[in-house]
Amino acid sequence: MRILYLVLFSSLVVGSSSAQIASSELSSDSDIDYFLKQAFFAKTSADRVALNHIGIESKKTEGGHLITAVLEGYPAHAHDIRRGDIIKFVDGSPFHPVESFNFEKDNDGNFLPTKQEHKLVVFRSDFSMELSVTPVYENLFDSYRSATSNSVLEFSAGNKTIGYVRFWALSRSTNDIINYQTMLAELDDTDGIIFDFRNGLGFLDPQHLDLIFPNRSNYFSYSYASGSFMDFAKASPNSTVSPYRKPIAVLINEGTRGGTELFAYQLDKLQRVVSLGEATRGEISNYLFGDSFRKEELRIDGKLFHNNSISPEKIITYPYENTERGDPQFDAAINALLGII
């Protein structure tokens with residue numbers, strides 16, 4: 001017996017034991033990434049584990065945790081904690097993204113919500129700040145979906161109007177697809193849109209691509225060494241929405257993975273799309289479990305995808321350690337759109 005499992009938030013359907021397998025990939029439930037994967041691979045919404053958090057992505061660095069992304073609408077964003085900041089201490093102890101805010105559990109082992117205010121010491125460049133922050137209690141699937149909705153902008157650049165959406169997470173639920181359709185419909189009067197897939201993840205559905213493509217004639221196909229093959233255009237019913245037909249700038253980076261990575265790959269087929277930023281992670285593959293354990297490589301449009309990341313048309317570096325107020329990749333996307341519009 002073989003169980004099909006796609007790693008790192010890929011586009012395809014996962015098996016019934018996916019949540020357990022995803023959890024076992026991580027060594028400790030003190031890892032924030034554990035809760036991210038658990039929430040996305042849980043079979044039902046009731047199975048998603050909630051925790052107290054402030055809406056950040058980070059990586060361990062000397063003296064603290066370097067902020068690599070901040071979710072719109074969440075406590076860190078509200079307190080102007082930025083990408084590139086280093087959180088060193090919480091309430092006088094070294095900062096940890098899970099353990100600093102979660103210390104009580106119920107009889108079932110679930111974290112209990114807390115409304116406690118915490119004192120954070122945050123370093124930016126050559127100065128430090130003390131902030132009082134109260135975490136939210138929520139599973140990360142819901143947080144990433146909400147941050148996507150919170151990110152939507154419409155602004156003027158010269159005499160043009162530009163829309164912006166940061167796709168923190170792609171969801172295939174009917175309600176979320178309707179929400180994406182509504183977001184794009186509200187931005188339909190813009191002259192161009194920035195799709196920000198940086199640090200994005202999730203599950204891709206043909207109905208996501210229907211928001212942009214007028215038909216499914218050139219949607220990608222995927223296959224495995226075992227011989228299984230799927231024409232992605234036939235994976236779900238056709239959408240009835242009118243697609244967005246104006247220029248699009250796509251932002252990607254090394255944190256772009258899974259569904260957003262495949263979204264960027266498909267968008268690159270359109271002449272009216274320009275991609276900017278840094279190469280994606282290229283971490284979509286397949287695990288086979290049975291008498292033996294092995295990894296089966298995924299092919300997109302007949303080409304090996306794993307470890308074959310997507311490179312943008314325009315390389316714009318933006319190190320996580322950069323604490324400047326501006327965002328060079330975002331600025332480059334605006335300029336690229338103005339050159340197309």
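How many bridges join strand S18 to S23, and do they run parallel or antiparallel? Two bridges join them, and strand S18 (residues 273–277) runs parallel to S23.

## Model and confidence

This is a predicted model, in which local features need pLDDT of at least 70 and side-chain atom pairs count only at pLDDT 80 or more, while totals for chains, interfaces and linings use all residues. Residues are numbered from 1 along each chain as its sequence is written, and side-chain values use heavy atoms, with hydrogens and water left out.

The protein chain has an average pLDDT of 87, where pLDDT is the predictor's confidence in each residue, from 0 to 100. A score of at least 70 is reached by 87% of the residues. Over residues 1–27 pLDDT stays under 50. For that segment the model has 82 contacts beyond four places in sequence, a contact being heavy atoms within 4.5 Å.

## The open sheet

Six strands make up an open sheet with mixed pairing, in the order S10-S11-S13-S17-S18-S23. Two strands pair if DSSP finds at least two bridges between them. Helices (H or I, at least four residues) and strands (E, at least two) are DSSP runs, numbered from the N terminus.

Strands S10 (153–157) and S23 (314–315) stand at the edges; each has a single partner strand, so one side of each is left without a neighbour in the sheet. Leu276 stands opposite Lys314 in S23.

## Salt bridges within helices

The count of salt bridges comes to twelve, a salt bridge being a side-chain nitrogen of Lys or Arg within 4 Å of a carboxyl oxygen of Asp or Glu. One of them pairs Asp33 with Lys37, whose closest N and O atoms are 3.8 Å apart. Asp33 and Lys37 are four residues apart in helix H2 (residues 32–41), and therefore about one helical turn separates them. Both Asp33 and Lys37 are buried (buried means under 20% relative accessible area, exposed over 50%, partly exposed in between, with a 1.4 Å probe and protein chains only).

In helix H4 (residues 140–150), Arg145 and Asp142 lie three residues apart, about one turn of the helix. Their side chains meet in a salt bridge at 2.6 Å, N to O. Arg145 is partly exposed at 23% relative accessibility, and Asp142 is partly exposed at 21%.

Asp301 and Lys269 form a salt bridge of 3.0 Å, N to O. This pair links distant parts of the chain, 32 residues apart: Asp301 is in the loop between strands S21 (298–300) and S22 (303–304), and Lys269 is in the loop between helix H7 (259–267) and S18. Asp301 counts as partly exposed at 31% relative accessibility, and Lys269 as partly exposed at 30%.
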